[in-house]
Every structure is written in C-alpha cells, then in structure tokens.
Amino acid sequence: MPETPLTLWASLPEPLVTVLVILFKITLILVPLLLSVAYLTLAERKIIGWIQVRMGPNRVGFFGVAKGWAQPIADLVKMLMKEFIWPRKANRFLFVLAPIIALTAAVGAWAVIPFDDGLVLADVNAGLLYILAITSLGVYGIIIAGWASNSKYALLGAMRSAAQIIAYEIAMGFALVGVLLAAGSLNLREIVLAQQGGVIDWFWLPLFPLFVIYFISGVAETNRAPFDVAEGESEIVAGFHVEYSGMGFAVFFLAEYAAMILIAALTALMFLGGWYSPFPDTATETPMIGVLLGPGIHWLVLKTAFFLFLYLWFRATFPRYRYDQIMRLGWKVFIPVTIVWLLVVAVAVMGEVPPWFNHPL
Amino acid sequence: MSYHFQPDRSQYPQKKADGTLDIDLASGKYLKLWQGPQHPGITGNMSVELTVCGDEVVEGKTHVGYLHRGFEKLMERRTFIQCFPIVCRVCVPEPDFNEYCYAAAVEELAGIESPERANWIRTLILEMGRINSYLMYLGGQAGSFGMGVIGQWTTYARDLMLDRFEELTGARIYHMFILPGGVRDGLPEGFEKRMEETLLEIESTLGDVYDVMFCNAVFKKRAVGVGFIDPELIDPYGVTGPNARAAGVASDVRKDQPYLVYPELDFEPVIGQDSDIYARADVRRRDTLVSIDLVRQMLAKMPRTGPLMAKIPNVLHWKIPRGETYIRGECSRGEYGYYLVTDGSGYPRRVNVRGPSYTHAVALLERLIVNLDIADVAGLMVSLHTYPPEIER
C-alpha cells in the first residue's frame, strides 16, 4: 500500500489525531483573529482620522491600491526590530510574564465563542462562567506589569486598573446573570439559540439596560476611552505599559485589541442574536442573495464590527473620565441598575412574557 | 449641577511650626511624582513636583528653568532694531504682542508717533493673534482631558488664520511686521473677502467645538467645579485676563486703559462667574467670538490710505535719550507689559517682560494644585493658559 498523506493520517494513533485536529482548529481561529487585530488598528486610525478631518495612514502599501493597507505589517516589523529595554531593578521574570498573561487571557476566551450553529472549538456548558473567569485574568497582566516595571507611573496605572476592573466586573457579571435568566443556559450556543427570530426577538429589547451596561462595562474592562485611566496619557503618560518597548509593548497592544474584539463579539452573541439574520422570513424566498439574508457567520461579523465602530467613536469624541468618577459610575449607578433589572427579568421569565420568554426553558 | 471636589482632610499632612507640611516620605503614605519636563500633560518645558497621597495631590512645587534663553539679557547688547527678531520669540503662540509692546515702548522713549493707519493694522494683527491663541487653547484644554478631536479641528481653523497672516505679513508664526514707527505694509488686495471666509469657517468650527466639547457630559464632569480660583485671590496673586474675567472680575486692559484704536471699537469684555476650568474655557470661547467681531469692525472702519510708517532715524546709529517706560496691553492670557529703560546709547539699558504666564503658572498653580486629583493637574495647567517660554524670558 503506497504511503499517501491520507493513509499516513489514518495510521496515526487516535489521541494524536484528536490533538492535531484541535491544534488545527485553534490555528483556524487565531490567524483570522490576529489579522483582525492588525487591521482593527488600521481601521481605528483611519476612522478617527476621518472624524478629526485628516487622512490617517495613507502611505505604506504596494500594488497601487488603497495606499495604507500595509501599515499594520510595517508597524509589526518595526515593533519586532525594536530593542526590548529592561528598566533598572525591574523584576525580569514578572516583567516578561505580564504581557504573556494579558495576551493569553484575551485570546483564550475565544475557545468557547460559537461563530455559527455548531461552529465552535469547545462547546462548554459553563461557557459564560469560563468567559468571566478568563477575562478577569487579564487584569493580572496589567497589575504585574505595573508592579514589575519599578516605575511610579506604571504603579499608579496598575492600581487604578485593578480598582476599576473589580468595580466593572461586578456590573458585567450581573448583566450576564440577566442573560442567564433570560436564556436559561450558560452555554453560549444555547444563549444564541434562545434568541431565534428577528430583531424583536433578540435579547437587547427585554434586557436593554443590561445590554447598555454590559457594553459600557466591556469598554471599561478593556481600558479603552473614555475609561482609559490606567494609561491616561495626559496624567500618567502611558500607565502600566510605560516601561515596555518593542515586542513587550506590541503584545500588550495585541491583547488590548483582541479583548476589544472579544467584548464586541460577546455583546453581539448575547444581546444581538449572534449569527441570526434580522430578516428571518424573507431569507429563503429571495433569489440569489437568499443565502446572505439567512443566518450565518457574516451576521456575527457585521454585528461585531458595529460594536467595534462604537469603540472607536467613543474614543474619538469623549474626554477621559476621572478615576473617582469612574468608580462612582460603576458602584453607584451600574450595579444598582443591573440588580433592579434582574428582578424585572426574573418576573418576566416567571410570567412567560411573549415573544421572548414563552418558550419552554 | 455643580460638583465640587471635597476631599477628606483628616488624612492630610499637618503643618509644622515653620509653615511647611509634615510629609514623611519614608512612611510609604506619600509619593513624590514628577510631572515634566518631558510629560504629555505639561504645556511646555517646565515641571511640577507633586507629592501625592493615593491619587490626590497634597503638595505641588513648580520648577522652571528648562527653557531659559536669556532674551532680556541678550537684548541689552542689541541695537533697537535688532531686538525685533528676539521679542517675538518670547511667546510662540502669540508673538505679535511682544512686537507691539516693544515697538510702542521704543516709540514713546524716542518721541515718535505711529500713523493712524498703522495703528489700525496693528490692532487688526493683535486681534488675529488673539483668535489664533484661543483656538490653540481650546484644543489643548480638550486634549488635557484626553479628547483629541477638538485639537485637530481648531488646528485646522488656526491654520486658515495663519494663511491670512502669511498673506498680510509674509510669515506664518513670527511675523516681525510691527516696527517702531508703524507697520511694514498695508492690506493686500482682496484681503477682506478672504478674511471673511476664514472668519465664517472659524465661527462654524467654534460652533462644532461648543456642541462636542462644551455640551459633553463627561467634559462638564471633568471641568465644572475643578480648579476654582477664589475671587479674593485675584488681586494678591496678580491674576489678569480671562482667568480673572472668569471669576467675575472685569479686568481687561483694552477697556481699562485703552490703547491703539480700541476706543473706537464697540465691544464688551466677556465676564464669567464660576471661576472653574469650565468657566475659563467658556470665557475664552466667547472672547474668540468677540475678537472675530472686532476684526470685522476693523476691516469695515479701517482707513485705506495714508502713511504706514513715521519717519525714523537710521536704525544703525539710532540712539534713544535717557528714559524709562512701561507699556501694557491685553493679550489672550492676561496683561502683557514691556518695561524699557534707555540710557542714551544705541542699546536698551534694560528690557523686562511682564508675561501673564509667570504669575499664573508659578505661584497660583502651586496654590490651586493642592487637593486636586493627579488627573486634573494637566487640565488645570492648560486652563490657566500658560506658556513656559514666556516665564523664562
């Protein structure tokens, strides 16, 4: 029997095949994710440029089309070439560990994200809990970075970030409890399935305050404007990553943008019906574009892109909150509102209010 | 809703017998934090040494001297005309004021009267410079709170005004257009029309700035009630200009002691009342509109014919008799003054520049900075509208 790749594959032992398949799936998720991160930076600079009446990057590129498209690649090459500077008296082990933790947390959460019905790396029943656990790990990267840098500005940024993430993690958790109540499941795939139908059937309407609070808390959790006190430029220069250069900085950058995409995708999954189409009925009848109008991964991508645009819009038009004002907003506004709305959702679920809650749990 | 920052003072360091604060850095409760001289939140080359307790400033000390160029001393060995390239570099964003004050001081000591038409053009340039300076301030104020978009918009509007400057004087930043005895040239052809287009564009930008910055809830949260200057401090600390007007004190040299053609122009200085960062920003925004109106009035009333320069002696051998004078005027940051002493030789004996930045950024800043959050230090510095180059002439 000739040795073709197919027979070679069949002759491999069972556990090795499983591991290889999982590794292949991880690559399939990670490569588009990292590409999206790269091009999100370009989109950010372009969109903010247009808002600020300027061009944004428009030089780097070849093939003569849409100059500026190679900017992220050029940035990456620059970051790779730059020297990694060690601050004096920095704790070298922790100094390297911090960006790794931040990136691991931002990327690891993608394991349970369903891209379409059944298109998921790990269909875990406790998916929501896994997301909460993994995303909260990200703050360790920031705290350790601030501590290990042996710099006052970095320490202040790390302290602020820790306090801020504790406050917003609670509001975020309560918003997720609302989703759990409404969907009756912690599994992300089943949460999306519970929203089957058109725009009206999605959870953003019955859970509207939770939807808004979840997204704002997500902005705060990823340390983006107007909640970017951990790296407030005019106050503490760059906060926790002030001492990082070269790839250390680039990894923090990757982690921040991967976390942004994660929060946007989660908001789309839990409140905007994930991969469901806003035109459920016309889908099959329309010729040619019927496939596009039906449910599919492209709707999830579109909804994620919408929330990512909101991120950039916020950054372009809001001043930064002061640290104590962020705390006040988190503890005194968001947490009480979420708790009150949880009661409302609980009553609605018990009363089986149509069209969201009249199906059997 | 007005929100005033009220810290818990029981945690604060007590005063010792000699009046200094009892701060024990070894206790770990306080932290020394230097903002500047290289810091994105500082308006220029100066630094503030903060002692913080948590995120709150308990003591601030300003340090200047990073940009000392010795201009006043340099001028003592320059002929009167050679001083002109130097004076405009004292304050970068609004250089014309230095030219006007110095030229007026030289004229007064030499007994020269500048012609009527030159006075109109001088006033026009001063008001154009004021608009520029305010536009730059608005961008900086928003930028100090992390709002980049205003800076880009106002920079665009300011650039249009720089085009008008280039048309009129031949230079964009350092014009050196005002000389002792008058101005270099008259208005170019079609200047009024292009100026009107620029003013309309600036007004529309200011409208956008009002919508995006002044009506923004987060900006109000950051600016209202922060950096309060007590009206009682206005006199002892020598606060002038928009900083004083925002506290409700009508202090405007253009009205109190009119110079150039201001008596013939119809305007009211803008008065605020809350004396916080928001009030100061708002006074400056409204003052820009007043300046735009003044430019329009001047272009309408200005004489188009007449001499531009009075007769001045050969500048290479120009000796001015013994005397001293102080010329004051209202620049965009407050009262600006030049004290000039001559001793009958070809050089000034002494030139002293009274810039408003010195009084605002050193003593007043140290007083206001206490009890603020670290995050507000940059916003406060910008709101006093100070330029470190002007502190260290």
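These entries go from ground rules to cavities, then the pocket, rings and helices.

**Ground rules.** I am working on a predicted model, where local features need pLDDT of at least 70, side-chain atom pairs count only at pLDDT 80 or more, and totals for chains, interfaces and linings use all residues. Residues are numbered from 1 along each chain as its sequence is written, chains are lettered from A and ligands numbered from 1 in the order in which they are written, and side-chain values use heavy atoms, with hydrogens and water left out.

**Cavities.** I searched the whole structure and got 3 cavities of 30 Å³ or more. A cavity is a set of points, on a 1 Å grid over the protein atoms alone, where a 1.4 Å probe fits but cannot get out; lining residues have an atom within 4 Å of a point. Points are joined across faces, edges and corners, and a volume is the space filled by probe spheres set on them.

The largest cavity holds about 310 Å³. I count 21 lining residues, with G138(A), I142(A), E221(A), A255(A) and A259(A) closest to its centre. Which helix supplies the largest share of this lining? It is α10(A), with 6 residues. Helices here are DSSP runs (H or I, at least four residues), numbered from the N terminus. In chain A, α4 (92-108), α5 (127-148) and α10 each supply at least two residues. By class the lining has 13 nonpolar, 5 polar and 3 charged residues. Nonpolar covers Ala, Val, Leu, Ile, Met, Phe, Trp, Tyr, Cys and Pro; charged covers Asp, Glu, Lys and Arg; the others, Gly among them, are polar.

The second largest cavity has about 50 Å³ of space. Its lining includes D96(B), G129(B), R158(B) and R172(B). α5(B) gives the most, 3 residues. The classes are 6 nonpolar, 3 polar and 3 charged.

**Pocket.** Next I took the second largest pocket, at about 550 Å³. A pocket is an open set with protein on both sides within 12 Å along at least five of seven lines. Its lining has 22 residues; I29(A), P32(A), W110(A), F115(A) and I297(A) lie nearest the centre. The largest share, 7 residues, comes from α2(A). The lining divides into 18 nonpolar, 3 polar and 1 charged.

**Rings.** I found 38 aromatic pairs over all chains. A pair needs centres within 6.5 Å, using Phe, Tyr and Trp (its six-membered ring); planes under 30 degrees apart are stacked, over 60 edge-to-face, the rest tilted. F309(A) and W313(A) have centres 5.7 Å apart and planes at 40°, so this pair is tilted. Both sit in α12 of chain A, 4 residues apart, about one turn of the helix.

**Helix packing, chain B.** Axes are lines fitted to C-alpha atoms over the stretch in contact, and angles run from 0 to 180 degrees between N-to-C directions. Helix α3(B) (residues 96-110) and α4(B) come within 9 Å and cross at roughly 150°. That makes α3(B) roughly antiparallel to α4(B), a label for angles over 145 degrees. Contact (heavy atoms within 4.5 Å) involves residues including D96(B) and E107(B) of α3(B), and R122(B) and R130(B) of α4(B). The classes are 5 nonpolar, 1 polar and 4 charged.

Helix α4(B) (residues 116-144) also packs with α12(B) (residues 374-383), at about 170° with axes 8 Å apart. This contact divides into 3 nonpolar, 5 polar and no charged residues.

Technical notes. Parallel < 35°, antiparallel > 145°, perpendicular 65-115°, else oblique.
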